[in-house]
Amino acid sequence: MKRKERYIVRPDEVTVTREGDSAVIQYKEAGIPTTHLKIGPEIAGMSDEAILELFNDTLRAQAQLAAGIQSHVAVEVPAGFAAD
């Protein structure tokens with residue numbers, strides 16, 4: 001069974017808790033991995049909504065990066081031939 005992917009969320013779709021300098025974001029939908037988002041000491045002054053905005057921005061940045069990566073094709077060079 002393929003693991004479900006994280007997606008951009010609204011506050012009612014997740015539970016946000018704090019562990020030290022990290023936010024723990026747990027989807028209410030089954031099968032989606034929990035995220036431990038390292039924020040730092042500024043987490044003490046952040047609301048759950050601000051944490052989710054940061055989390056969603058992270059997901060958007062990852063998607064944008066992935067969209068810009070072209071697929072790479074591995075080429076196996078037969079034994080005895082020099083690679084260029």
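The following exercises, with worked solutions, concern a predicted model.

**Exercise 1.** Determine the order in which the strands form the open sheet, and name the edge strands.

*Solution.* Step 1: the open sheet is formed by 3 strands in the order β1-β2-β3, with antiparallel pairing. Step 2: β1 and β3 each pair on one side only, and these are the edge strands. Step 3: from one strand to the next, the twist averages 25°.

**Exercise 2.** Sort the side chains of strand β3 (residues 35–38) by the face to which they point.

*Solution.* Step 1: the side chains alternate along the strand. Step 2: Thr 35 and Leu 37 point to one face and are buried.

**Exercise 3.** Identify which elements supply the largest nonpolar core, and describe the contacts of Val 14.

*Solution.* Step 1: the core has 15 residues; Val 14, Ile 25, Tyr 27, Ile 39, Ile 51 and Phe 55 touch the most other members. Step 2: at least two core residues come from each of β1 (14–19), β2 (22–27) and α1 (48–68). Step 3: α1 gives the largest share, 4 residues. Step 4: beyond its neighbours within four places in sequence, Val 14 contacts Val 9, Ile 25, Gln 26, Tyr 27, Lys 28 and Leu 52.

Note on methods: Residues numbered from 1 in each chain as written. Predicted model: local features only at pLDDT ≥ 70, side-chain atom pairs only at ≥ 80, totals over all residues. Heavy atoms only, no water. Core = buried A, V, L, I, M, F, W, Y, C linked by side-chain atoms within 4.5 Å. Buried < 20%, exposed > 50% of the residue type's maximum accessible area, 1.4 Å probe, protein only. Contact = heavy atoms within 4.5 Å. Pairing = 2+ DSSP bridges. Axes fitted to C-alpha atoms, helices over the stretch in contact; angles between N-to-C directions.
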